[in-house]
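Here is a short report on the pockets and the ligand. Look at the structure before reading on.

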Amino acid sequence: DRLKKKSVSISIDPVVTSVSKHKLWPEIERVTMEQLHYARLDVGGAGGWQLFAEDGDMRMYRREEEADGLVVDPLKACHVVKGVTGREVCNIFFSPEYRAGWEATLDDMTVVETISSDTLVFLQTHKRIWPASQRDALFWSHRRSVSNTDDPDGSDLWIICNHSTEHPDYPANAGKCVRVYLTVCLVCQTFVDPPKDPKNIRREDITCKITYCSVVNPGGWAPASVLRAVYKREYPKFLKRFTNFCIEQCKDKPIVF
Ligand code: 16C
């Protein structure tokens with residue numbers, strides 16, 4: 001038994017060892033697990049969520065909130081997508097190579113640090129909304145799977161958590177952009193119906209349940225009415241475009257569970 005323990009401790013992936021020593025790691029761990037908990041809470045009841053967009057299986061809720069006079073309305077969305085797994089959807093949301101294919105508000109994206117294969121730091125500039133200044137965002141993005149013992153019908157969960165950070169080489173508000181501050185998470189779970197031997201599962205048997213939560217602080221002045229109008233238009237557009245992109249990307253490829 002002692003020997004067994006020893007072999008476990010020496011087989012730890014060196015990347016995992018180094019990521020857990022990174023100065024951001026305690027924050028990444030904490031925010032990711034908080035966001036997972038928050039995403040799994042129901043939108044009914046005392047949360048005060050109001051439905052603002054609905055299309056097929058997609059539902060989008062928001063709460064009107066302000067911080068220091070700026071609109072920071074939290075958003076929560078649920079969607080059901082057929083033919084893709086949670087792992088595939090999360091992989092597309094996380095991976096830099098797909099971003100330009102679905103992120104319609106993007107002007108530019110750079111990976112400024114690779115903390116691990118599942119943890120990157122992104123600098124993005126977004127399209128300008130007249131009459132406000134252009135915005136940029138600097139955030140870490142973390143991907144992980146979480147075992148899901150409470151739900152015998154579903155598979156493990158996959159989560160991507162994005163959260164604003166700082167970097168000495170990319171100070172906020174130094175150029176023409178105003179920096180936004182964001183906390184975003186995408187949580188996905190795969191269901192197979194009817195249940196089958198894994199090697200016989202086809203894309204039409206799989207369904208992915210998606211929860212997307214977002215809070216974006218605009219970081220500086222932007223008219224509330226313009227912001228809320230942009231929210232109302234851009235979030236449904238994002239979730240439809242993103243999920244259609246996932247279906248297109250995956251359709252002729254082997255299923256990745
Ligand atoms: O979660 C999403 N994308 C991820 C990967 O890119 C990541 C990024 C979040 C970006 C958050 C918004 C940054 C400011 C956008 C400026 C809006 C441009 C609109 C242009 C319209 C012509 O987590 C998907 C994100 C979907 C974003 C929907 C739009 C959100 C509007 C938020 C408004 C923020 C303040 C803008 C102040 C002028």
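## Pockets and ligand

The largest pocket has 38 lining residues, and Thr105, His126, Val216, Glu234 and Tyr235 lie nearest its centre. A pocket here is an open set of points on a 1 Å grid over the protein atoms alone, with protein on both sides within 12 Å along at least five of seven lines; a 1.4 Å probe fits at the points, and lining residues have an atom within 4 Å of a point. The model is predicted: local features need pLDDT of at least 70, side-chain atom pairs need 80 or more, and totals for chains, interfaces and linings use all residues. Residues are numbered from 1 along each chain as its sequence is written, and side-chain values use heavy atoms, without hydrogens and water.

| Pocket | Volume | Lining residues |
|---|---|---|
| Largest | about 950 Å³ | 38 residues |

Volume is the space filled by probe spheres set on the points, which are joined across faces, edges and corners.

The ligand sits in the largest pocket, meaning that more than half of its atoms lie within 2 Å of the grid points. Around the ligand are 24 residues, with Glu103, Gln124, Arg135, Asn162 and Tyr212 coming nearest. Polar side-chain atoms of Glu103 and Tyr212 each lie 2.6 Å from a ligand oxygen atom. For Gln124 the distance is 3.0 Å, again from a polar side-chain atom to a ligand oxygen atom.

Conventions. A residue is near a molecule or strand if one of its heavy atoms lies within 4 Å of it. A polar contact is a pair of N or O atoms within 3.5 Å; within protein, one must be able to donate a hydrogen and the other to accept it, and residues adjacent in sequence count only if both atoms are side-chain atoms.
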